[in-house]
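Let's walk through this one together, a question at a time. Have a look at the structure first.

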Amino acid sequence: MNIKELDKQYIANTYRRFDLQIVSGKGALCCDENGKEYIDMTSGIGVNSFGYCDDVWQKAIEEQARTLSHTSNLYYTEPCAKLAHMLCEKTGMKKVFFSNSGAEANECAVKVARKYAAEHKGAEYYNIITLNKSFHGRTLTTLAATGQDNFHQLFTPLTEGFLYVDAEDIEGLKKLAAENKVAGVMLEVVQGEGGVNALSEGYLKAVQKLCDENDLVLIIDEVQTGIGRTGYFYSYMRYGLHPDVVSSAKGLAGGLPMGATLMSEKVESVLGFGDHGSTFGGNPVCAAAALSVISRIDSNFLSQVEKKGAYIKEELEKTGAEVSGLGMMLGIKTDKPVSEIISECMEKGVLCLSAKEKLRLLPPLSIEWDTLKKAVEIIKNVIAA
Ligand SMILES: *Cc1c(COP(=O)(O)O)cnc(C)c1O
């Protein structure tokens, strides 16, 4: 049976797939079932940091799969210990909990904030403030954290204890924090699924100050923005913020499932034996993949990300489009409907994403300049047509 038919018959109908089967890929390029080649400006939604089947990444996985594939968290293993060390070295955070996805990384973050508040203020301080248009995941707790009503309908009751306020409304945030028993605040520095909305430096610093003054746990969701995507290792570093908890996933293991929740000195000892766990969390193969990714994200690499991002922005603005976002996480607002842009680009061999009404680009961070220029030229022409 035809793969598309097989998929439609046997896979739950949760994804509105494009009429495209991807069969192979290398770097920023991939091939469909007919051998047609595409430049992929989506990187599996910000996952394939070094593109498809990157050589270094592949070698790290192969070697680890030959040595130690999986064992339980009852035992010590080298890759996850080294990975946790490297994540802490790069951030100044003190402890890491490994899981398998962004939603799980956020679940852990919420547990840390709640337990910290319970121990320091009282069990009734369980509320977490999140922002409208945020996206934090699909589990019932992270759906509750997601400040978008349309995701909530038909799945209630969701986990209790989330309060919402508009991004950039610092007075509204202060009011919510003053009038409720609050454990923490959770936000994305650039709201990804919500439309690639970059929050302002002034607002972010005001949130930091509010959290510091009221001993609120500041959780920054770096699931999409992290691992170099915005030109900094984590996007909060651009503004010198000092979150208590950082959640990471998508680009972390460059194409294998891995989530990480990073904890600062303030909360490093909140979780104790038995408080949390994950069968697959810290899996050696995924951890080896992540090590191969993050060990290559140095200041040179990050400045390339900034340069490529600035290039895309500058070129696309020439069409009169409005471009939002940071680094290589960009949203493009055009007069032409985004679905038309995406299908015309696909026709011409470039894969793009959307976020709300915007075109969204998340190219592999390692995309070569020639390939990038070719893709940008095609996107420009499609937007202008
Ligand atoms: C994708 C995403 C998530 C959810 O990650 P999953 O791995 O799909 O669970 C959470 N937060 C943000 C900001 C994301 O972009």
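Q: Which loop holds K356?
A: This is a predicted model, where local features need pLDDT of at least 70, side-chain atom pairs count only at pLDDT 80 or more, and totals for chains, interfaces and linings use all residues. Residues are numbered from 1 along each chain as its sequence is written, and side-chain values use heavy atoms, with hydrogens and water left out. Helices (H or I, at least four residues) and strands (E, at least two) are DSSP runs numbered from the N terminus. On that numbering, K356 sits in the loop between strand 16 (353-355) and strand 17.

Q: Is K356 buried, partly exposed or exposed?
A: Buried means under 20% relative accessible area, exposed means over 50%, and partly exposed is in between (1.4 Å probe, protein chains only). K356 also has a positive phi, near 50°, in a residue other than glycine. Its relative accessible area is 43%, so K356 is partly exposed.

Q: What is the relative accessibility of V196?
A: V196 belongs to the loop between strand 8 (190-191) and strand 9 (197-198). Its phi is positive, about 50°, although V196 is not a glycine. V196 counts as buried, because its relative accessibility is 0%.

Q: Which domains does the assignment give?
A: The bounds come from an automatic or database domain assignment. The C-alpha centres of the two domains, domain 1 and domain 2, lie 25 Å apart. The assignment gives domain 1 (3-54 + 299-384) and domain 2 (56-294).

Q: How much area is buried between domain 1 and domain 2?
A: Buried area is the accessible area (1.4 Å probe) that two parts lose on being put together, summed over both. In domain 1, D54, L326 and M329 lose the most area to domain 2, together 29% of what that side buries. Carbon and sulfur atoms give 57% of the area between the domains, which is about 2,300 Å².

Q: How many salt bridges does the rule find across the interface of domain 1 and domain 2?
A: A salt bridge is a side-chain nitrogen of Lys or Arg within 4 Å of a carboxyl oxygen of Asp or Glu. The side chains of R360 and E193 meet in a salt bridge, at 3.1 Å from N to O. Across the interface of domain 1 and domain 2, the count is two.

Q: How many residue pairs are in polar contact between domain 1 and domain 2?
A: A polar contact is a pair of N or O atoms within 3.5 Å; within protein, one must be able to donate a hydrogen and the other to accept it, and residues adjacent in sequence count only if both atoms are side-chain atoms. With both residues at pLDDT 80 or more, the count between domain 1 and domain 2 is 14.

Q: Why is helix 10 largely enclosed by the rest of the structure?
A: The buried residues of helix 10 pack against helix 3 (55-67) and helix 4 (78-91), where contact means heavy atoms within 4.5 Å. At the start of helix 10, a side-chain oxygen of N283 reaches to within 2.9 Å of the backbone nitrogen of V285. Helix 10 (residues 284-294) is largely enclosed because its buried residues number eleven of eleven.

Q: Which backbone oxygen does the side chain of R238 reach at 2.7 Å?
A: R238 is in the loop between strand 10 (217-221) and strand 11 (245-248). At 23% relative accessibility, R238 counts as partly exposed. Leaving out residues up to four places away in sequence, R238 touches T230, G231, Y232, E306, L326 and G327. The backbone oxygen reached at 2.7 Å is that of T230.

Q: Which residue has its backbone oxygen 2.8 Å from a polar side-chain atom of N127?
A: N127 lies in strand 5 (residues 127-131) and counts as buried at 11% relative accessibility. Not counting residues up to four places away in sequence, N127 touches residues including G161, F162 and N180. The backbone oxygen at 2.8 Å belongs to K181.
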